[in-house]
Amino acid sequence: MAKEESGQSLNQIKKSTNIVFNIVFLILAVMCVIPLLFVFSISITDEEALRVSGYQLIPAQLSGSAYKFLWNERGMILRAAFMSILVTILGTIIAIALDTSMGYVVSRRNFRLKKLYTWLIFIPMVFNGGMLASYVVVNNILGLSNTIWALILPLACSSFSVTICRTFFRTTVPDSIIESAKIDGAGQFRIWSQIVMPISKPVIATIGMFAAFGYWNDWFQASLYIQDKNLQTLQSLLNNIQKNIEYIANNPYGGLSLQQYKASMPTESVRMAIAIVIIVPIACTYPFFQKYFISGLTIGSVKE
Amino acid sequence: MGNRKTTDGGGSKSGKPWWKRWSRDDTELFLLSLPTLLWFLTFSYLPMFGIIIAFKNYRLQPGGHGFIYNLLHSEWAGFGNFSYFFTSNSFTMLLRNTILYNIAFIIISASVAVGGALMLSSMRNKRGSKVYQTMMFLPYFMSWVVVSYFVYALLTPERGYINGIITSLGGERIMWYQEPKYWPFILIFLNTWKGMGYGMVLYLASITGIDPSLYEAAVMDGATKKQQAKHITLPAIKPVFIMMLILDCGKIFNSDFGLFYQVTGRIPASLYTTVSTFDTYIYNAIQSTAPIGQTAAASFFQAICSCGTILFANWVVSKLDNENRII
């Protein structure tokens, strides 16, 4: 093996240790990925084979019936997927707008209300009203239940992402650019949207990624605020199916006969197939975006 | 006017009152920040007034008024809602579960992340290390609903993979979702599993930022691997470590709701005392018909404790090492 930079090679470990490390990480890495294969192989196994021999990593009998079922029920799946995509895109755009505008404002040293704003943003980091109070605000005071806004607005901003933006703007956007734009007669809104934003792609990508994955993965807001079936996202669809199945398991004698209930439920391979539908877009994209999640924390931790 | 010292830069000492020093720039910046300001007031500050609910016996008032009207016209309960919560059977159990799980999570996750980062940084095959990092990062991007499907595939008693292995080896099936004794380990394992990729890569980022000449100098002076780790690598990751520690301490009264609620299958009765935390208790109370004041008391207690611990952790760090405090 060719030696790398001198500093690295001096610090290098023995070959035998390296092999041990490789084995350890190989095991850990496989542990992180293999559940995906478990779920996938259930989704392509014949339901009868599942009943007879349980789950197996290599399906006893292949079957595409779960995916065929999803295709036949595509109205439901596509509607949920559409909701997921809509919430993710709309939410991410709103989140970026709210975070960067506030981040820009508090990064301006001359702003009169800077001190007040800094506290305003800091306090929610250490104190919040709690889950119940947030629920009351969204549900009882704003009346957002069963609207798409209940999925978007509560997650649209955070002190954390505003702080990331502020730190980024303060450290990378030179004051001279802003001053010269001001001399040219540009207002603050134009400076923010046409000068600061175009040169701040790294931070926009970072907070955008946090927001997008947060929205795509959210099921909690939906479970609190959404009962309307038309507003289900993929995550809440998955959540609701599981909830109904557990309800049956726990109340075997509740009203209808068990058989009737069971017949109306998606089979296990179908449920696993829905899970795959959710996972695949993430599993295919996260390796490209992974670095932004780290840079978010490292930017955010820089103190003034 | 003549003795004005500063013209800008937050010169609060200047003679003019603030509204006269207010410039067009300030107006524009204020307008630009207005949407976010409203967001903070609505979604962060308005809930803080939810504290009132905890001191009231909320009742619907005649006349079909809104929530706030009903709340303000409900009678005061003093600390009644709190004493109800503190003396209920659940309180000690919830406190114990929430704190013990969090302590276990913090210690184990931090050790795995730091240990893993040290190992990854010293690996010879950099490309292999990148592949491992990416693979280990995957669970971080899965929601707990999806993870609960993974767990279900492994643990469901009749068909699950694990019982399949146990029975093929001649063992008895285990009814996983009804046996509380396994769950602390399962939950700790899953929490570590989900966060380890993120933790390792985070620490690795600060390790790779270390100037290699430091190691060169150390080797010249005859430092061993262990000494290098102790005197160069660990000090370099200390700021991130302390920041994470303070943030984690702030969450010690909170729990990752999805982990406790989804993964256990919505907390079946047999697991109730093992896996319930403040969050699952409050969530269930919201979904049930429990008086809102009592739920608010539990919720408010949790929020106050979180605030207390984060300030305390920051204070301890500032006493020990003032440079690394985050506030």
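In this predicted model, the loop between α13 (257–261) and α14 (272–275) of chain B holds B:Arg266, and B:Ile267 sits in that loop as well. Helices here are DSSP runs of H or I with at least four residues, strands are runs of E with at least two, and both are numbered from the N terminus. B:Arg266 has a positive phi of about 55 degrees without being a glycine, and for B:Ile267, also a residue other than glycine, phi is positive and near 50 degrees. Most residues other than glycine have a negative phi. The cut-offs are simple: 20 or more other C-beta atoms within 10 Å make a residue buried, 12 or fewer make it exposed, and anything in between is partly exposed, with C-beta atoms placed from the backbone.

A quick word on bookkeeping: residues are numbered from 1 along each chain as its sequence is written, and chains are lettered from A and ligands numbered from 1 in the order in which they are written. Because the model is predicted, local features need pLDDT of at least 70 and side-chain atom pairs count only at pLDDT 80 or more, while totals for chains, interfaces and linings use all residues.

Still in chain B, B:Phe312 belongs to helix α16 (residues 292–320). B:Phe312 has 13 C-beta neighbours inside 10 Å, so it counts as partly exposed. From B:Phe312 to B:Gly80 is 232 residues in sequence and 28 Å in space, C-alpha to C-alpha.

Turning to chain A, there are 16 helices and 0 strands. Of its 304 residues, 38% are buried. Helix α9 (residues 159–172) of chain A has 14 residues and runs 20 Å from its first C-alpha to its last, close to the 20 Å expected at 1.5 Å a residue; the expected span is 1.5 Å times one less than the number of residues. Buried residues in α9(A) include A:Val162, A:Ile164, A:Phe168 and A:Phe169, and also A:Arg166.

Chain A splits into domain 1 (15–63) and domain 2 (74–300), with bounds from an automatic or database domain assignment. The C-alpha centres of domain 1 and domain 2 of chain A lie 31 Å apart. Where the two meet, 8 residues of domain 1 of chain A are in contact with 9 residues of domain 2 of chain A, contact meaning C-beta atoms, placed from the backbone, within 7 Å. On the domain 1 side of that boundary, α2(A) gives the most, with 5 residues. The residues on this side divide into 5 nonpolar, 2 polar and 1 charged. For these classes, Ala, Val, Leu, Ile, Met, Phe, Trp, Tyr, Cys and Pro count as nonpolar, Asp, Glu, Lys and Arg as charged, and the others, Gly among them, as polar. Within chain A, of the contacts between residues at least 6 apart in sequence, 72% join residues at least 24 apart.

Between the chains, 84 residues of chain A are in contact with 86 residues of chain B. Helix α2 (residues 15–43) of chain A supplies the largest share of the chain A side, 13 residues. That side has 52 nonpolar, 25 polar and 7 charged residues.

The largest nonpolar core has 146 residues; such a core is a set of buried Ala, Val, Leu, Ile, Met, Phe, Trp, Tyr and Cys residues joined through C-beta atoms within 7 Å. Those with the most contacts inside this core include A:Val39, A:Ala275, B:Val146 and B:Ala153. Helix α5 (residues 74–107) of chain A brings the largest share, 11 residues, and domain 1 and domain 2 of chain A each give at least three. Leaving out residues up to four places away in sequence, A:Val39 touches A:Met272, A:Ala275 and A:Ile276, along with B:Tyr149, B:Phe150 and B:Ala153.

On confidence, pLDDT is the predictor's score for each residue, from 0 to 100. Chain A averages 86, with 87% of residues scoring at least 70, and chain B averages 88, with 94% at that level. Among the elements of chain A, helix α1 (residues 6–10) has the lowest mean pLDDT (47) and helix α8 (residues 149–152) the highest (96). Over residues 1–12 of chain B pLDDT stays under 50. Where pLDDT is low, the predicted coordinates should not be read in detail. For the complex, the predictor gives an ipTM of 0.88 and a pTM of 0.88.
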